[in-house]
Amino acid sequence: MEHNHAIVHRDDEASRIGMWLFIFTELFLFAGLFLVFIVYRYKYSESFHLASKELNITIGAINSIVLLLSGMTIGISHVAIQKGNKKLTLYLLAITIILGIVFLVNKYFEWRIKFEHGLYPGSVDLLALSKGDIMFFGLYFFMTGLHALHLIAGLAFISVVFGAVVREKVHATKFALLENCGLYWHLVDLVWLFLFPLFYLIN
Amino acid sequence: MVVPVPVILSYKLMMMESAKKNLPGFRMYFYTFTSLALLTLLEVWLTQIKIETALMVGLILTIAVLQAAIVLLYNMHLKFQEKIFAVFISILSFLILVLIVFTMLDYIYR
C-alpha cells in the first residue's frame with residue numbers, strides 16, 4: 001500500500017532564534033535611547049526633575065499594571081494552546097488585545113493633557129521654556145510614541161495569530177507563531193518597565 | 001515528498017513531547033504578574049516616602065532591573081529554554097551596561 005502523506009518542513013527552533021535576534025536589535029535601539037535620556041538627565045538635572053513632575057504617576061502606574069496583566073494573559077494563552085484548549089486561547093488573546101487598547105487609550109488621554117498645556121515638541125509654549133524642558137518633553141514624546149508604535153504592531157501581530165488559531169493553523173503541536181508573538185509582546189512590556197520609572201518616578 | 005505514516009506520527013509525537021518539555025503552567029504566569037505588579041507598586045511607594053534622592057534612584061533602578069529579569073526568565077521562557085539564549089541575553093546586557101557606563105564616564109570626566 002502506498003502512502004502519499006506529505007510532510008512540510010518546519011523548524012520551530014530556527015523561528016525562535018530569529019525572533020530573539022529581532023528582539024536583540026530592538027533592545028539595542030531602546031538602550032541607545034535610554035543612554036540619550038541618561039546623558040541629558042545628567043546635563044539638565046534640574047529641568048528634568050521639574051518637568052517629570054508634570055507627568056501623572058497614577059496614570060503611568062495603571063498603564064504598567066494593564067501591560068503586565070496583558071503579559072500574563074498572552075503567557076497563559078501560550079500554555080492553553082499547548083494543552084489544546086482553542087477556546088481559552090482565543091479568549092485570552094482577545095483580552096490581551098483589549099488590554100493593549102486600554103493602554104493606548106490611557107496614553108491618548110495623557111498625551112492630550114500635555115497638548116492642551118502646550119507641552120509638545122515644536123509648540124510656542126514649550127520653546128519658551130528652558131533647553132532641559134524641551135529635551136525632556138522631546139524625549140518623552142519620542143520614546144513613549146515609539147513604544148506605542150511597537151504596541152500597535154504587537155496588537156496587529158496578536159490579531160494575525162488570533163486568525164491563525166481560528167483557522168487552526170496554530171494548534172497544540174504547532175504554536176511557534178503564538179510563542180513568537182508572546183515574545184514580542186513581552187518585549188513591549190520589558191521596555192515599559194524602564195520607561196515608567198525613568199520618566200515618571202525619578203524626580 | 002512521500003513519507004510513510006509512522007514517520008509522520010513519530011514527528012508529531014516528537015513535537016508534542018517538545019511542547020510538553022517547555023510547558024510552564026498557568027500558575028507561573030499568575031505569580032510573575034503578581035510579583036511584577038507588587039514591585040511596580042513598591043516603586044511608586046518609594047517616590048512617596050522621604051528618602052535621599054540617590055538612594056531612591058538606586059532602589060527604583062534596582063527594582064526595574066529585577067522586573068526585567070523576571071520578564072526575561074519566566075515570561076520570555078529563558079529559564080526553560082536552551083542555555084544559549086540566556087548566554088546571548090547576558091552578553092547583550094553586558095554590552096548595554098558597558099555602553100552606558102563608558103559613555104557616562106566619558107561625559108562626566110571629559
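This is a predicted model: local features need pLDDT of at least 70, side-chain atom pairs count only at pLDDT 80 or more; totals for chains, interfaces and linings use all residues.
Trainee: Is the crossing of H1(A) and H4(B) left-handed or right-handed, and how do the contact residues divide by class?
Mentor: The crossing of H1(A) and H4(B) is right-handed. On the H1(A) side the residues include A:Trp20, A:Phe24 and A:Leu27, and on the H4(B) side they include B:Phe85, B:Phe88 and B:Thr103. By class, the contact of H1(A) with H4(B) has no charged residues, one polar and 16 nonpolar.

Trainee: How many helices does chain A have?
Mentor: Along the sequence, chain A reads α-α-α-α-α-α-α. Its C-alpha trace spans about 85 × 30 × 25 Å along the principal axes. Chain A has zero strands, and its helices come to seven.

Trainee: Why are H1(A) and H7(A) called roughly parallel?
Mentor: H7(A) covers residues 176-201, and its axis lies 10 Å from that of H1(A). Roughly parallel applies to angles under 35 degrees. H1(A) and H7(A) are therefore roughly parallel to each other, given a packing angle of about 15°.

Trainee: How many charged residues are in the contact of H1(A) with H7(A)?
Mentor: H1(A) passes H7(A) in a right-handed crossing. Among the residues that make the contact are A:Asp12, A:Arg16 and A:Glu26 of H1(A), and A:Glu179 of H7(A). The contact also has 11 nonpolar and two polar residues. The number of charged residues is four.

Trainee: Which element of chain B has the lowest mean pLDDT?
Mentor: Chain B has a mean pLDDT of 83, with 79% of its residues at 70 or more. The highest mean among its elements, 96, belongs to helix H2 (residues 26-48). Over residues 5-20 of chain B the pLDDT is below 50. The lowest mean, 47, belongs to helix H1(B), residues 5-21.

Trainee: How far apart are the centres of domain 1 and domain 2 of chain B?
Mentor: Domain 1 of chain B runs over 24-79 and domain 2 over 81-110. The centres are taken over C-alpha atoms. The separation is 20 Å.

Trainee: What ipTM does the predictor give the complex?
Mentor: The predictor gives the complex two scores, pTM and ipTM. The pTM is 0.88. The ipTM is 0.91.

Methods
Residues are numbered from 1 along each chain as its sequence is written. Chains are lettered from A and ligands numbered from 1 in the order in which they are written. A crossing is left-handed if the near helix is turned anticlockwise from the far one by less than a right angle, and right-handed if clockwise. Helices (H or I, at least four residues) and strands (E, at least two) are DSSP runs, numbered from the N terminus. Two residues are in contact if their C-beta atoms, placed from the backbone, lie within 7 Å. Ala, Val, Leu, Ile, Met, Phe, Trp, Tyr, Cys and Pro count as nonpolar, Asp, Glu, Lys and Arg as charged, and the others, Gly among them, as polar. Domain bounds come from an automatic or database domain assignment. pLDDT is the predictor's confidence in each residue, from 0 to 100. Axes are lines fitted to C-alpha atoms, for helices over the stretch in contact, and angles run from 0 to 180 degrees between N-to-C directions. Angles under 35 degrees count as roughly parallel, over 145 as roughly antiparallel, 65 to 115 as roughly perpendicular and the rest as oblique.
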